[in-house]
Amino acid sequence: MTETTTPPTGFAVPGRIAVDAQTAAAWQTATLTEIRRETPRAATFRLAVPRWAGHLPGQHLMLRLTAPDGYVAQRHYSIASAPDDSGHIELTLDRVPDGEVSGWFHTVARPGDTIEVRGPLSGFFAWPGDRPALLLGAGSGVVPLMSMIRHHRARGLTVPLRMLVSARSPEELIYAAELGAETTPVFTRSAPAGVPVGRMTAAHVAPLLAEQPAPGWEAYVCGTNAFAEHASRLLVAAGQPPERIRIERFG
């Protein structure tokens, strides 16, 4: 489940993007069409949503499961896929211990199953591709950031985009095979030979702020509460204006 934190406004870049409340409030039936394993703990679930109105990278949706006895569980999940007209969206879910919804997806769900969804939700964390974007994520916090990277590639955008992503090990780096030159991984528990092990530090962030593009970065931070606080402090210490840091946190 995610919570979006809104820093102060009053700067020259676009702010919150309007969300169509009527569209976002309507529940739709989605059909699971594909399951792809990403890491030992994370998998991507592709959903066909014929009446999906489209989304922007960084937005999320509400998902609802209803048990045969009528019990209902709802969760917010970031959308991993880039906006397109395929009629499909993708969610990448970590399996959370004792998680009702993630547990169902990882142990019960099969292609052909149906789920209810509504959205897209949240206009604050959305990135339409119109400004330089500096992305910082940890663990499954990379999910909405990957939607931005996929959008950047699919549209052939030339606006600068860079990402720092933290994972415990190469085996737990979500989308590892898909990450490119725009991404610098940071490993906190184990790493390939010659790669330092440890938390994201000023040494990772400062060079990006020292030679930033005009008119400066719009920073997007996604991860646990602890990571969001740590990464935001690194950005501010390196010179990033606090009002140009957008945060989505969970846990």
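The buried residues of helix α2 are covered by elements that include the strands β2 (28–37), β3 (42–48), β4 (60–66), β5 (72–78), β6 (88–94) and β7 (114–121). The helix itself spans residues 100–107, and V101, S102, G103, F105 and H106 are its buried members. The structure shown here is a predicted model, and every value in this account should be read with that in mind. An α-helix has 3.6 residues a turn, so residues three or four places apart point the same way.

A search of the whole structure finds three aromatic pairs. In one of them, the ring centres of F45 and F105 lie 4.9 Å apart and the ring planes meet at 65°, so this pair is classed as edge-to-face; the class requires an angle over 60 degrees. F45 belongs to strand β3 and F105 to helix α2, so the pair ties together parts of the chain that are 60 residues apart in sequence. Are F45 and F105 buried or exposed? Both residues are buried. In another pair, the rings of W104 and F105 have centres 5.0 Å apart and planes at 90°, so this pair is edge-to-face as well. Together, F45, W104 and F105 make up one aromatic cluster.

W104 leads on to the pockets, for it is among the residues lining the second largest pocket, together with L65, T66, A67, P68, Y71, A73, E100 and T114. This pocket holds about 170 Å³ of space. Strand β4 and helix α2 each contribute at least two residues to its lining. Sorted by class, the lining has six nonpolar, two polar and one charged residues.

The largest pocket has a volume of about 980 Å³. It is lined by 41 residues, and those closest to its centre are D94, G139, S140, T224 and F250. Which elements give two or more residues to this lining? They are β5, β6, α2, α3, β9, β11 (218–224), α5 (225–237) and β12 (245–250). Strand β5 provides the largest share, four residues. The lining of the largest pocket comprises 16 nonpolar, 15 polar and 10 charged residues.

Side chains of opposite charge can pair when their charged atoms come close. In this model the count of salt bridges is 14. One of them joins E178 and R150, with a distance of 2.8 Å from N to O. E178 sits in the loop between β9 (161–167) and β10 (183–187), while R150 is part of helix α3 (residues 142–154), so the pair ties together parts that are 28 residues apart in sequence. What is the relative accessible area of each partner? For E178 the value is 30%, which means that this residue is partly exposed; for R150 the value is 12%, which means that this residue is buried.

A further salt bridge connects R153 and E182, at 3.1 Å from N to O. This pair, too, links distant parts of the chain, with R153 in helix α3 and E182 in the loop between β9 and β10, 29 residues apart. Here R153 is partly exposed, with a relative accessible area of 36%, and E182, at 15%, counts as buried.

Salt bridges that share partners also join E34, R36, E38, R46 and E90 into one network. Within this group, R36 forms a salt bridge with E38, and their closest N and O atoms are 4.0 Å apart. R36 counts as partly exposed, at 25% relative accessibility, and E38 is likewise partly exposed, with a relative accessible area of 22%.

Methods. Residues are numbered from 1 along each chain as its sequence is written. This is a predicted model: local features need pLDDT of at least 70, side-chain atom pairs count only at pLDDT 80 or more; totals for chains, interfaces and linings use all residues. Side-chain values use heavy atoms; hydrogens and water are left out. A salt bridge is a side-chain nitrogen of Lys or Arg within 4 Å of a carboxyl oxygen of Asp or Glu. Buried means under 20% relative accessible area, exposed over 50%, partly exposed in between (1.4 Å probe, protein chains only). Contact means heavy atoms within 4.5 Å. On a 1 Å grid over the protein atoms alone, a cavity is a set of points where a 1.4 Å probe fits but cannot get out, and a pocket is an open set with protein on both sides within 12 Å along at least five of seven lines; lining residues have an atom within 4 Å of a point. Grid points are joined across faces, edges and corners, and a volume is the space filled by probe spheres set on the points. Ala, Val, Leu, Ile, Met, Phe, Trp, Tyr, Cys and Pro count as nonpolar, Asp, Glu, Lys and Arg as charged, and the others, Gly among them, as polar. Rings of Phe, Tyr and Trp (its six-membered ring) pair if their centres lie within 6.5 Å; planes under 30 degrees apart count as stacked, over 60 as edge-to-face and the rest as tilted.
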